[in-house]
Amino acid sequence: MCAKPTAELAERLMDAAIRAADRAYVPYSDFPVGAALLTAEGTIVTGCNIENASYPLTNCAERVAIGSAVAGGTRVIQAIAVFAPRVETVTPCGACRQVINEFKPAGEELWMIFHTNDGPELVPFSEILPRAFGPRDLER
Ligand code: THU
């Protein structure tokens with residue numbers, strides 16, 4: 001169910017993230033970000049960052065995409081592509097890494113897809129948040 005995305009699927013997710021970045025609401029940072037995730041059900045859900053005049057209330061693109069996917073019924077995410085037009089490669093902030101961890105597949109990798117000028121780079125999520133604390137730590 002959660003195999004490493006093919007190069008073609010990674011491109012599709014990155015294209016969706018690039019389009020999502022166009023919808024970012026970033027009047028304060030002027031740093032648009034787009035995210036596109038693949039649910040366990042095989043659908044693509046996108047998000048963009050949404051800032052606020054009360055700066056800390058900003059929502060990152062990744063968490064907007066996850067909120068939308070979870071509200072739509074998803075509980076497992078297979079892959080997430082992230083794109084920010086102002087930099088070659090953007091990776092999720094620490095808060096987003098923790099939220100992504102919540103919805104990774106049990107016992108399998110979630111794949112991060114990062115933009116590079118040579119094409120999408122696939123990175124296992126466990127590499128960017130090793131030894132994470134998550135839902136299964138609360139089971140006894
Ligand atoms: N941001 C994201 O949406 N995702 C990231 O991966 C990095 C940072 C947003 C938050 C804020 O709106 C802007 O980028 C600058 O930090």
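I looked up how helix α2 (residues 61-71) and helix α3 (residues 94-102) pack, and found an angle of about 25 degrees with the axes 9 Å apart; axes here are lines fitted to C-alpha atoms over the stretch in contact, and angles run from 0 to 180 degrees between N-to-C directions. That makes α2 roughly parallel to α3, since angles under 35 degrees count as roughly parallel.

I noted that the model is a predicted one, in which local features need pLDDT of at least 70, side-chain atom pairs count only at pLDDT 80 or more, and totals for chains, interfaces and linings use all residues. Residues are numbered from 1 along each chain as its sequence is written, and side-chain values use heavy atoms, with hydrogens and water left out.

I then listed the residues making the contact (heavy atoms within 4.5 Å), which are E62, R63 and I66 of α2 with A95, C96, V99 and I100 of α3. By class, I recorded five nonpolar, no polar and two charged residues in this contact.

Next I turned to Q78, which I placed in strand β3 (residues 77-83); strands are DSSP runs of E with at least two residues, and helices are runs of H or I with at least four. Q78 counts as buried at 9% relative accessibility, where buried means under 20% relative accessible area with a 1.4 Å probe, protein chains only. I also found that the side chain of Q78 reaches the backbone oxygen of T39 at 3.0 Å.

Last, I checked C48 in strand β2 (residues 44-48), which counts as buried at 11% relative accessibility. Leaving out residues up to four places away in sequence, I saw that C48 touches A20, R23, A24, V33, N59, C60, A61 and V64. For C48 and N59, eleven residues apart along the chain, I noted a C-alpha separation of 8.3 Å.

Conventions:
Angles under 35 degrees count as roughly parallel, over 145 as roughly antiparallel, 65 to 115 as roughly perpendicular and the rest as oblique. Ala, Val, Leu, Ile, Met, Phe, Trp, Tyr, Cys and Pro count as nonpolar, Asp, Glu, Lys and Arg as charged, and the others, Gly among them, as polar. Buried means under 20% relative accessible area, exposed over 50%, partly exposed in between (1.4 Å probe, protein chains only). A polar contact is a pair of N or O atoms within 3.5 Å; within protein, one must be able to donate a hydrogen and the other to accept it, and residues adjacent in sequence count only if both atoms are side-chain atoms.
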